[in-house]
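Subject: Structure handover

Hello,

Please find the structure below, followed by notes on what was found in it.

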Amino acid sequence: MKFILTQELGRLSKWLRILGYDSVYFTQENMGTLIVEALKDERIILTRHQKIPLGRGVKILNIKSDSVKEQLQQVLAELQLKLDEDILFSRCIICNTLLEEIEKEEIKDKVPEYVFKTQRNFTVCPKCQRIYWQGTHWGNVKKTLEEITQ
Ligand SMILES: [Zn+2]
């Protein structure tokens, strides 16, 4: 399942990427282009706008809440998505690209020394070069996800 989100849903798009879902963040004003992009890649439109013209084959989920937790709950419930540990943290949160594993030695000069010493597994975004590792942030994310999915 793939998504395209309108610009008021930036935080939700990051969360869907954390969950491993292919989520494009659409920041233009032209709703016609949005529909074209959605149909081209078979993406479900997630939006808080009520005025998107419905066309054939266009799937739209109108997001009700302002709170990102409630937004995520709604998406998971209405589309019956399950948390899949295998794809969790598999995408770049910034640009949606699939992350690749990288040898620890290769990122030695690119992360803080403390991180290098304490972490074992690293992934890198092949597009924007951002480096990811587990650490405390990871734990917080999992905790939030558990709260949401309870
Ligand atoms: Zn990236």
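R91 counts as buried because it has 24 C-beta neighbours inside 10 Å. The cut-offs are these: a residue is buried if 20 or more other C-beta atoms lie within 10 Å of its own, exposed if 12 or fewer, and partly exposed in between, with C-beta atoms placed from the backbone. R91 sits in the loop between α3 and β5 (100-102). Leaving out residues up to four places away in sequence, R91 touches R17, G20, N96, T97, L98 and L99. Contact here is defined as C-beta atoms, placed from the backbone, lying within 7 Å. R91 and A38 are 53 residues apart along the chain, and their C-alpha atoms are separated by 20 Å.

Some notes on the source. This is a predicted model, in which local features need pLDDT of at least 70 and side-chain atom pairs count only at pLDDT 80 or more, while totals for chains, interfaces and linings use all residues. Residues are numbered from 1 along each chain as its sequence is written.

On confidence, the mean pLDDT (the predictor's confidence in each residue, from 0 to 100) of the chain is 91, and 100% of its residues reach 70 or more. The lowest confidence is in α5, with a mean of 82, and the highest is in β1, at 97.

Overall layout: the chain has five helices and seven strands. Helices (H or I, at least four residues) and strands (E, at least two) are DSSP runs, numbered from the N terminus. Their order along the sequence is β-α-β-α-β-β-α-β-α-β-β-α. The C-alpha trace spans about 55 × 35 × 25 Å along its principal axes. Of the 150 residues in the chain, 21% are buried. Among contacts with a separation of 6 or more, 46% come from residues 24 or more positions apart.

The chain is divided into domain 1 (2-78) and domain 2 (100-149), with bounds that come from an automatic or database domain assignment. The C-alpha centres of domain 1 and domain 2 are 27 Å apart.

Next, the strands. Strand β1 (residues 2-6) runs parallel to β3 and is joined to it by four bridges; strands pair if DSSP finds at least two bridges between them. K2 stands opposite R43 in β3. β3 also pairs with strand β4 (residues 60-62), again in the parallel sense, over three bridges. There, I45 has I60 in β4 as its bridge partner. Four of the five residues of β3 (residues 43-47) are buried.

The largest nonpolar core has 18 residues, and those with the most contacts inside it are F3, I4, L5, L12, W15, L16 and L46. Such a core is a set of buried Ala, Val, Leu, Ile, Met, Phe, Trp, Tyr and Cys residues joined through C-beta atoms within 7 Å. The elements giving two or more residues to this core are β1, α1 (10-19), α2 (31-40), β3 and α3 (68-78). α1 gives the most, with five residues. L16 touches F3, Y21 and S23, not counting residues up to four places away in sequence.

Last, helix α5 (residues 135-149). At 1.5 Å a residue, its 15 residues should span 21 Å, and its end C-alpha atoms are 22 Å apart, which agrees. The expected span is 1.5 Å times one less than the number of residues. The number of buried residues in α5 is zero, so this helix lies largely in the open.

Regards

Key
Two residues are in contact if their C-beta atoms, placed from the backbone, lie within 7 Å.
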